[in-house]
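Hi everyone, thanks for making time. Let me put the model up on the screen, and then I'll walk you through a few parts of it.

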Amino acid sequence: MPELPEVEVAARNLRRWAVGRRVRAVEPGPSAAVVLRPAGPRALGALGGARVTGVERVGKNLLVSLARGRAGAPVGLWSHLGMTGKWLHRKRADPAPRFSRVRFVLDDGCALHYADMRLFGRLRVVPGARFGEVPDLAALGPDPLRDGVDARRLRARLAKLRVPIKVALLDQGLLAGVGNIQASEACHRARIDPRRPASSLAPVEVGRLARAIVASIRYTLARFEEEGVASDRADIAYVEEPRTPNPFLVYGRAGERCPRRDGGVIQRVVQAGRATFFCPKCQR
DNA sequence: ACCCGTGTTCGCTG
DNA sequence: TCAGCGAACACGGG
């Protein structure tokens with residue numbers, strides 16, 4: 001169930017495992033057709049024999065770029081992990097991990113598995129090898145880690161929205177990569193009540209929120225690095241659950257005390273069908 | 001059995 | 001026309 005920090009870890013590990021390697025074979029597993037829809041498993045044929053040239057991430061999306069043949073004609077593999085998608089690194093002879101949907105055999109004796117229990121994730125073969133060349137990704141907003149967050153631009157967008165600020169932050173066209181956890185965490189860092197209409201935020205509050213989004217993502221990534229999930233020894237391009245201890249300040253902490261000196265007890269509410277965690281005392 | 005789930009998309013409604 | 005909402009997708013885990 002990845003957001004930007006988890007997908008960033010996945011991108012780093014995939015680079016380490018795959019860049020420079022040639023894809024010897026691509027093997028659809030159980031329910032591969034669901035992951036690969038609408039194109040279906042036949043689309044994978046375009047990747048056989050190709051060499052991996054890079055891995056890009058924008059928001060929660062990964063683009064593995066490859067080059068085919070002598071001319072090096074570029075082709076991309078666009079991956080979105082959905083709720084339970086994972087990239088796994090295994091020896092070629094190892095048995096397929098649980099929920100493996102597609103196996104990519106590399107030329108170094110290893111294999112990459114795309115595993116996905118709930119099948120909300122997607123793999124798509126796309127022409128070209130850059131994110132800018134994928135039309136379906138054109139509507140994504142700026143990536144907070146790569147591009148930063150422009151407070152003035154954010155303020156102009158939020159001014160038109162009546163939805164609660166926390167719900168607005170989940171829109172990938174506003175900012176790419178903020179998910180349900182980071183939205184709660186950022187509102188807490190900015191001391192903003194997640195239930196307030198997005199348009200009600202004062203400029204100074206949008207400024208705090210812009211900084212909070214970047215800070216929360218960097219903090220989460222740093223915690224993952226401490227856990228070692230992005231280390232050379234990691235064999236999963238993801239962050240295993242459950243995370244112990246919970247690395248977040250408010251998410252998943254209903255009933256616990258807010259970490260702030262002037263905080264109260266963290267509450268859980270539901271907004272647009274999703275859980276929101278916040279401190280009613282320090283978030284106004 | 002029942003409720004919950006780090007995501008996205010579609011259809012309905014006002 | 002569109003913002004906003006709930007359901008759907010699919011399958012465990014507590």
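Predicted model: local features only at pLDDT ≥ 70, side-chain atom pairs only at ≥ 80, totals over all residues.

Okay, let's start at the DNA. The residues around DNA strand C are R98, F99, M117, R118, L119, F120, R162 and V163, where being near a strand takes a heavy atom within 4 Å of it.

Residues are numbered from 1 along each chain as its sequence is written, chains are lettered from A and ligands numbered from 1 in the order in which they are written, and side-chain values use heavy atoms, with hydrogens and water left out.

Back to DNA strand C. Of its atoms within 4 Å of the protein, 60% are sugar or phosphate, and the rest are in bases. What does R118 reach with its side chain? An N or O atom there sits 2.7 Å from a base nitrogen of DNA strand C. The phosphate side involves backbone: a polar backbone atom of R162 is 3.2 Å from a phosphate oxygen, and for V163 a backbone N or O atom is 3.3 Å from a phosphate oxygen.

Now the sheet. There's an open one of four strands, in the order 2-3-4-8, with antiparallel pairing. Strands here are DSSP runs of E, at least two residues, and helices are runs of H or I, at least four residues, numbered from the N terminus; two strands pair if DSSP finds at least two bridges between them. At the edges are strand 2 (51–58) and strand 8 (122–127), each pairing on one side only.

Let's go across it. Strand 2 pairs with strand 3 (residues 61–68) over seven bridges, and V55 stands opposite V64. Strand 3 and strand 4 (residues 73–80) are joined by eight bridges, with R68 opposite A73. Their hairpin has four residues between the strands, and G69 takes a positive phi near 65° there. Then six bridges link strand 4 to strand 8, where L77 has V125 as its bridge partner.

Last stop, strand 5 (residues 85–91). Buried or exposed? Mostly covered: five of its seven residues are buried, meaning under 20% relative accessible area with a 1.4 Å probe, protein chains only. Strand 5 runs antiparallel to strand 7 (residues 110–116), with seven bridges between them, and L88 is partnered with H113.

Note on methods. Polar contact = N/O pair within 3.5 Å; in protein donor to acceptor, adjacent residues only side chain to side chain. Buried < 20%, exposed > 50% of the residue type's maximum accessible area, 1.4 Å probe, protein only.
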